[in-house]
Amino acid sequence: MASRTASRALARAAIAGRSALATRALGAAPRLAARQMPAAAVAGFQQTRGIKTLKFGNTEEKVYERSDWPKAKLLEYFKNDTIAVLGYGPQGHGQGLNLRDNGLNVIVGVRKDGRSWKKALAEGWVPGKNLFSIEEAADKGNIVFNLLSDAAQRDLWSTVKPYLTPGKTLYFSHGFAITYKHQTHVEAPEGVDVVLCAPKGSGTTLRTLFLEGKGLNSSIAVFQDASGKAHERVVALGVAIGSGYLYETTFAKEVYSDLYGERGVLMGAINGLFRAQYDVLRAQGHSPSEAFNETVEEATQSLYPLIGAKGMDWMYANCSVTAQRGALDWHQRFYDASLPVFKDLYESVKNGTESQRSLDKNSQADYRESLEVELKEIRDSEIWRAGETVRSLRPENAKQ
C-alpha cells in the first residue's frame, strides 16, 4: 500500500493537516509561498489596505484579503445600495445568504412559483420584501448579480438588459456569458460597471465556510469600469459574499481555466483515471473492495489530503521508498500520454466548442431527465457501488 509510511506522517500531522486544509480555503497558497521566503522579505510584503504581493513560483501577484473589509466597513460602503441576486442555484443561494447575513440590503430575483422560488421561501426570503420576479429584482437593484445558469443568462438576457441602466453594476461569477458573447449575445451595457467574482468552489462550500468563520478563495476581474471605482467595488463584493482571499484575473482567463479544469483533473480526467485503474484491477482478478480501496479510498482519504496540506514532494517524501520510486518513474509516462489530451481540451474551450456544447445541451427541455440517466449510469457502476459500501465503513459513518 502506497501510504503505509505516509499513514504515520498523516497521524503526526492530523491536526496540522486539517488546519492546513481549512487554511487552504482561506488562501493557503499565498501563506505557503510566503513561508518559503526569507523572513525579512515576508515582513516587507504587508502593504496598505490589506493587499499582499506574493511570489507564486517566480511570478509576483497581488492578493486581496478580507481583513481590509471588516463588516462595519462593508455596511458603510454599501449602505445606499440594493444588491439584486438573480438566480437561486448553488451560487445564488450561497452568495445571497452570505450577503444577507453580512447585513447588506440584498434581494433575490427568480421565476415566481418555480423550484428556486420555493427554495428561497423555505430559507426566509419574503415575497414583496426581498423576494421578487427576475424583472422586479433587476429593476430595484443598482448592483445586479447575474447568477442564473449560463444557458439562462443567454435566454433571459433580453429580459434583464433593459434594467441595466447607466450607473449600475453588473456582477457575474463566471466569465462565460461575456467571453462567449458571440454565442450568448450578452454585451456589456453602456455606462455600467461589469465585474466578476468567481469563488473557487461551489456555492454550498462558500456558504459552509462562511458559517464556520472562514472564507473561500475567489478570482476577481473587471471587464468594464464605467464609474472608475469598479475594482474597489468588486473587491468589497468579493469579501461580502464570503471570500477569504481574492486573486486577479480576466473574464476570459477565468472561464478558460474553469471549463478546462472541470473537464480536466477536477472532475472529468480524475473520473476517467479512476475507472481505468479500477477496471484493470478487476480484469486481473482483484476484488471490488480491493480495487476501490487502492484506486479511490487511499487517494482521497490518505494521499490527496497530504498533497493539499504540504505539497506533492512532501507526500512523496512520507511514503515508502517503493512507492516513491514507482511514482517518480511512472509520472512522466502519464504526463506524456495526457498532455496531448489536455492541449486538445484547452483549444476546445478557447475556440468555443465546449461553451456551445454546454449551451445546446443544458438548454434542452429534457436536460434534467437526461442528466439523471447519465448520473445513474455512474451511480450504478460497480466502482461506485463498491465505494458506497467502503464509505459506510469509515469510522465517521459506521453505525454505533
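1. Helices here (H or I, at least four residues) and strands (E, at least two) are DSSP runs, numbered from the N terminus. With that in hand, Arg-394 sits in the segment after helix 21. Arg-394 is buried, at a relative accessible area of 15%; buried means under 20% relative accessible area, exposed over 50%, and partly exposed in between (1.4 Å probe, protein chains only). Its contacts, leaving aside neighbours within four places in sequence, are Glu-297, Thr-300 and Gln-301, where contact means heavy atoms within 4.5 Å. Between Arg-394 and Gln-301 there are 93 residues of sequence separation, yet the C-alpha atoms are 9.9 Å apart.

2. A word on the source before going on. This is a predicted model, in which local features need pLDDT of at least 70 and side-chain atom pairs count only at pLDDT 80 or more, while totals for chains, interfaces and linings use all residues. Residues are numbered from 1 along each chain as its sequence is written, and side-chain values use heavy atoms, with hydrogens and water left out.

3. Now the overall picture. The chain has 21 helices and 10 strands, and 43% of its 400 residues count as buried. Looking at contacts between residues at least 6 apart in sequence, 68% join residues at least 24 apart.

4. Helix 16 (residues 288-310) and helix 21 (residues 382-392) are worth a look. Their axes come within 9 Å and cross at roughly 85° (axes are lines fitted to C-alpha atoms, for helices over the stretch in contact, and angles run from 0 to 180 degrees between N-to-C directions). That makes helix 16 roughly perpendicular to helix 21, a label for angles of 65 to 115 degrees; under 35 counts as roughly parallel, over 145 as roughly antiparallel and the rest as oblique. From helix 16, Pro-288, Phe-292, Asn-293, Val-296 and Glu-297 take part, and they meet residues of helix 21 including Ile-383, Trp-384 and Val-390.

5. What is the largest nonpolar core made of? It has 36 residues, and those with the most contacts inside it are Ile-83, Leu-99, Trp-125, Phe-145 and Tyr-171. A nonpolar core is a set of buried Ala, Val, Leu, Ile, Met, Phe, Trp, Tyr and Cys residues joined through side-chain atoms within 4.5 Å. Helix 13 (residues 230-240) gives the largest share of this core, 7 residues. Apart from it lies another core, of 24 residues, among them Ala-138, Ala-152, Leu-170 and Ala-177.

6. Helix 13 has 9 of its 11 residues buried, so it is largely enclosed by the rest of the structure. Arg-233 is one of those buried residues, along with others including Val-234 and Leu-237. After the helix comes Gly-242, with a positive phi near 115°.

7. Strand 6 (residues 143-146) has Ile-143 and Phe-145 pointing one way and Val-144 and Asn-146 the other, and all are buried. Strand 6 pairs in the parallel sense with strand 3 (residues 83-86) over 4 bridges, and with strand 7 (residues 169-172), also parallel, over 3 bridges. Pairing requires that DSSP finds at least two bridges between two strands. Asn-146 is the bridge partner of Leu-86, and Thr-169 that of Ile-143.

8. Last, Asp-150 in helix 8 (residues 150-155). Asp-150 counts as partly exposed, at 23% relative accessibility. Not counting residues up to four places away in sequence, Asp-150 touches His-174, Phe-176 and Leu-359. The C-alpha atoms of Asp-150 and Phe-176 are separated by 6.8 Å, with the two residues 26 apart along the chain.
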